[in-house]
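Hello,

Here is the model we talked about. Please open it beside this email and read the notes below against it.

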Amino acid sequence: MKKLLLAVLLVAMTAGLAFASGSQEAADGGSDKVKLVFTSWRTEDIERMNRINDAFTKEYPNIEVDFQPVKDTEYDAQLQQSLAAGVGADIIFLRSYDSGYQIYQTGSLQELNSVIPGLSGFPSAAIAAWATDGKSYAVPSVGVVHGVYYRKSIFKKYGISVPETWDDFMAACETLKDGGETVFAQGTKDNWMLYEVMYSGLGANFYGGEEARQALIAKDARMTDANFVEAFERMEDLQPYFPERFEGIDYVTMQQIFGTGNAAMFMGGSWEIGIFEDLGGLEDVGYFAPPVAKKGDTLQYCFHVDAGIGMNKNSKYPEEAKTYMKWVASPAYAQLMMDELPGFFSYTPGSYTLSNDLAKQMQSYVADSVPTVRTVWEKLSAQAPSGNQLLGEAVQKMYADELTPAQAAKYVDDGLSWYY
Amino acid sequence: MLEARRKHAKFLFLFIFPAFIVYTVFMLLPILNSMKYSLYTGEGLIPNEFVGLDNYIRLFTEERYYVKFWNAFQNNIQFFIIVTVVQNVLGFFMAVLISRTFKGSGFIRKLSFLPTTLSVLVVGYIFKLILNPYYGVFDKFIEMIGLEQLIIPWLGDPRSAIYVVAIAVSWQFFGESVLFYTSGIDGISDSIIEAAQIDGANIWQEIYHIILPSVLPIVGIVTILIFIGDFTQFDIIFAMTGTRGDPNYSTDLFGSLFYRTAFSSPERGGWGTGMGATVATMMFIIVTIGVGVFLTFFTKKKEELEK
């Protein structure tokens, strides 16, 4: 017994010594350098973000930024838990509207109006995605657009020019299908794309874009209204051009199908430029905005407020974090980010040059269009079942031939009964 | 005598104490804590507004909640039945086969246990790759043997997805039931089997009258383990069909339902921590009742056989 006790004591003491020396070392090594942890849901951006952050450290040599993204599907849970446990990152990527607001509600985000006076110069629509009662809790950082990627070589082979109207678009699909091509790389196994990119992006021209979305939020319109149903109908038009057994094709597979040149088109978001670049290069990849109903119509362009950057109120290094936040809101950061992450557009006021051709093309449509965001992202997704979930499910069920477009619209409307 | 017993008790205490502490801190307290949260509501991770049984009432009376809950319950039962049949029935016959000594039986024994050593996530991703409709080898194989009209989007069709997932899990843990059953069969005294064989019993009679009764307690253990595993299964769903149990919740089990409702943001299917804890507590109750029922059933059966 005594021997046992002695052994336990010995082990405890050695462990204690080891820890003591460990912390001593840490203190010596990092005496004047502060390390800020930056978290996000974009695990694919680690290298690119590191390069951006290196530029910051060059300017502020005593602050290092450690970019630690978490897998997209686990991000929200991890973020909430770590913030609640007091070990959350210092700098935080926030989703727009309800999701970001949920985090703000936990009281762990720094109010930014006083920290970054320049915020007032940002576009108000972008500010609104991360503000409540005039208090901003994130710097609007990244906007993304939704449209259609295409393979230049395949279009050329059939003499197809970039479609402007829906009829052109359908005709192009038909030609490609007749030629035996895989028209779209789209699959329906994961339903978020069906809503976020397709219904919000391509559907906006048919349901009426921002005006209709505002009416929906104001409860002046319902999903069962004719314009929203029409958008469902147009989405249904696309189903015959999906690949065989599209129900089993998930998001990653679709990117691979298009990225490796095996499909003529891919309805996607601007954030995918980098992915296609890595999969096989961009020389053959083109892009066009969602086709309008008839020639001369104004494009309703889904330019979605995607990510804001917030700051942990309980950060161990509040001053350094504020310095970083100010930098993130500066044109220098905006330019760096758009160079490193083509397809992500900054809201920071200033004039920029886009280095990527596809990104330039995406931006070129902005001038003559009315911007809008994803259909039921704001307010309509604050509770269960959320508009986001419902729309994804409705379109998925429609593509599985379980619902007609009118029934799909009703499915969303029924689910949103808590809102009305 | 008394002194010796006291010493013995002290000794026992020494053994149980660490396990008891670990169990209490890491199992019992979190369970009780989560039960506590099921009585609260509020924003954020730690709900702070006491609402009594309100969450439970909402779970069973509001359509947006109960539809998903009963759907997961139904899926779970279906999932459990498939896994039980595959693992128990096939596992049993496999064990009967390899407990007979023949050339290579040892190798098969080892082989059958191999998948169990893999991570559930790995198994999930491998199956997903194999079944991928675009480049998966499974469809290519079926095409090769000329049955292409049978190909469906396995994981994208609500009719087949739950089977595929159940089969993946069964495949992985098949070796475990084989292991349990072989150890049971190995435990039967050779003389009994020899006697039966001398009496002229054929293989079916041998299985029915000798092997089955002796391994019945093991059937109970295996079934209960499968039951607990399936009603708390999460990883395989996460790997193969996502936290929504795609397509359209047809593979949503209690595990994924709980993860989604408790930890996702509302826009991604979250119901808030309070409701999540309510789902967890209901899972706990259902599993406890289920285990109780199985235990009683198998104990009774055993007693009947022993009479």
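Start with a charged pair: B:Lys128 makes a salt bridge with A:Asp250, and their closest N and O atoms lie 3.4 Å apart. Keep in mind that this is a predicted model.

The salt bridge count across the interface of chain B and chain A is 2. Polar contacts there come to 14 residue pairs, both residues at pLDDT 80 or more. On chain B, the elements that give two or more residues to the side touching chain A are helices H3 (63-99), H5 (120-130), H6 (137-144), H10 (235-240) and H11 (254-263). By class, that side of chain B has 20 nonpolar, 8 polar and 9 charged residues.

Now the overall contact. Chain A puts in 42 residues and chain B 37. About 3,400 Å² is buried between the two chains, and carbon and sulfur atoms give 50% of that area. Three residues, B:Tyr134, B:Asn248 and B:Glu267, supply 20% of what chain B buries against chain A, more than any other three.

The side chain of A:Ser386 reaches the backbone oxygen of B:Glu267 at 2.8 Å. A:Ser386 sits in the chain A loop between strand E10 (369-372) and helix H17 (387-399). Is A:Ser386 buried or exposed? A:Ser386 counts as buried, because its relative accessibility is 0%, and the cut-off for buried is under 20%. Leaving out residues up to four places away in sequence, A:Ser386 touches A:Leu380 and A:Ser381, plus B:Pro266, B:Glu267 and B:Arg268.

Best wishes

Terms used: Residues numbered from 1 in each chain as written. Chains lettered and ligands numbered in written order. Predicted model: local features only at pLDDT ≥ 70, side-chain atom pairs only at ≥ 80, totals over all residues. Heavy atoms only, no water. Helix = DSSP H or I, 4+ residues; strand = E, 2+ residues; numbered from the N terminus. Buried < 20%, exposed > 50% of the residue type's maximum accessible area, 1.4 Å probe, protein only. Polar contact = N/O pair within 3.5 Å; in protein donor to acceptor, adjacent residues only side chain to side chain. Contact = heavy atoms within 4.5 Å. Buried area = accessible area lost by both parts, 1.4 Å probe. Salt bridge = Lys/Arg side-chain N within 4 Å of Asp/Glu carboxyl O. Nonpolar A, V, L, I, M, F, W, Y, C, P; charged D, E, K, R; others polar.
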